[in-house]
Amino acid sequence: MEQRHLGRTGLRVTRLGLGTLNWARDTDEQEAADQLKAFWEAGGSLVDTADIYADGGAEYLLGRLTEGLVPREDLVIATKAGSILEADRRVDGSRRHLLAALDASLERLGTDYVDLWQLHAFDPHTPLEETLQALDLAVASGRARYVGLSNFSGWQLAKAGTWQLAAPGVRNRLASTQMEYSLLQRGIEREVLPAALDLGIGLLPSSPLGRGVLTGKYRHATPADSRGASDHLAAFVAPYLDETASRVVEAVTTAADGLAVTPLQVALSWVRDRPGVTAPILGARTAQQLRAALSVETLSLPDEIRRALDDVSAPVHHYPDHDWSTL
């Protein structure tokens, strides 16, 4: 599998990443093992998780699987901290919480370090410099090799990235930002992606298949075994089952028919090759789904099809994104 540098750093990762959101919840240990083995055998290296996935269960499962199934040194393990499962507070970016969460993640993962440690979300109640200092302490102590962000808005990303660059050799450059990005969700093109490109921060798109909708499985009905039919994920899929999304899905399906490939391959290839993207994160539920996604490695979309998909999925952005004199 082809590799890319993660942002403006020396870290190289495969241009597809394996996500573990479903592990220890909808994906059991055997299925997770099959996924990891299939990903590794395909040449994949980047594996993304978080301390709140399955309340720590995903990290624990990944740690078990790297004990004997796949060599730890072959993987680029990324995890996140900052989100908490409490009713009165969704994010804790305090230095105290973050460093304690990192220690707990390392214990569950069974490793002395993570290759990439990411802030899961922005905490408006903690000074940003305190939050970012935790990233620098993690690198200085050897517990993290590189650091990044997730779910930061454009101004938040720009502020954090600029702060880190203000003291070279003291503060660590942000390597990545993980954000939802697909043909059905292009909102980050408004401010987040331009900021990331300017600051040399690599983008790791989550939900690159529009929460599964871009596979075409929901075109005529909701499959009984799909996320859209599950009690805990139906609301996650629902926003992408409207008429606007349907037009995009039909365009993807038409393109797939013309290329003799699947809608999944078309949608994933589109986001993988967007400017600024390092590696889409594949959150497959089964090894079979993952293998289908990994087959995109040999596909590159023709320019005319890419432009057609750009047009049909284009978000409406006006002032101040465009030159005011053209409005």
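**Entry 1. Terms.** I take helices to be DSSP runs of H or I with at least four residues, and strands to be runs of E with at least two, both numbered from the N terminus. I note before going on that this is a predicted model.

**Entry 2. Second largest pocket.** Which helices each supply at least two residues of the lining of the second largest pocket? I found α8 (243–259) and α11 (303–313). The largest share of this lining comes from α8, with 4 residues. In total I have 16 residues lining the second largest pocket. Those nearest its centre are Leu183, Leu184, Gln185, Thr244 and Ser313. I then sorted the lining of this pocket by class and got 9 nonpolar, 4 polar and 3 charged residues. The space in the second largest pocket comes to about 240 Å³.

**Entry 3. Largest pocket.** I looked up the volume of the largest pocket and wrote down about 1,200 Å³. Its lining has 40 residues, and Leu21, Ser206, Ser207, Arg227 and Phe236 are the closest to the centre. Which elements give two or more residues to this lining? I listed the strands β6 (83–86), β7 (89–91), β10 (174–180) and β12 (281–282), together with the helix α10 (287–294). By class, I have 18 nonpolar, 13 polar and 9 charged residues in the lining of the largest pocket.

**Entry 4. Strand β9.** Next I turned to β9, which spans residues 144–150. How many of its 7 residues are buried? I have 5, so I call the strand mostly covered, where buried means under 20% relative accessible area.

**Entry 5. Partners of β9.** I checked β9 against β8 (residues 114–119) and found a parallel pairing over 5 bridges. Within that pairing, Trp117 stands opposite Val147 of β9. I then checked β9 against β10, and these also run parallel, joined by 4 bridges. Which residue of β10 is the bridge partner of Gly148? I found Ser176. β10 was already in my notes, as one of the elements lining the largest pocket.

**Entry 6. Crossovers.** I followed the chain between the paired strands. What lies between β8 and β9 in their β-α-β unit? I found helix α4 (residues 128–140), and the unit is right-handed. For β9 and β10, I found helix α5 (residues 154–165) in the β-α-β unit, which is right-handed too.

Conventions:
Residues are numbered from 1 along each chain as its sequence is written. This is a predicted model: local features need pLDDT of at least 70, side-chain atom pairs count only at pLDDT 80 or more; totals for chains, interfaces and linings use all residues. Side-chain values use heavy atoms; hydrogens and water are left out. On a 1 Å grid over the protein atoms alone, a cavity is a set of points where a 1.4 Å probe fits but cannot get out, and a pocket is an open set with protein on both sides within 12 Å along at least five of seven lines; lining residues have an atom within 4 Å of a point. Grid points are joined across faces, edges and corners, and a volume is the space filled by probe spheres set on the points. Ala, Val, Leu, Ile, Met, Phe, Trp, Tyr, Cys and Pro count as nonpolar, Asp, Glu, Lys and Arg as charged, and the others, Gly among them, as polar. Buried means under 20% relative accessible area, exposed over 50%, partly exposed in between (1.4 Å probe, protein chains only). Two strands pair if DSSP finds at least two bridges between them. A crossover is right-handed if, with the strands pointing away from the viewer, the path from the first strand over the helix to the second runs clockwise.
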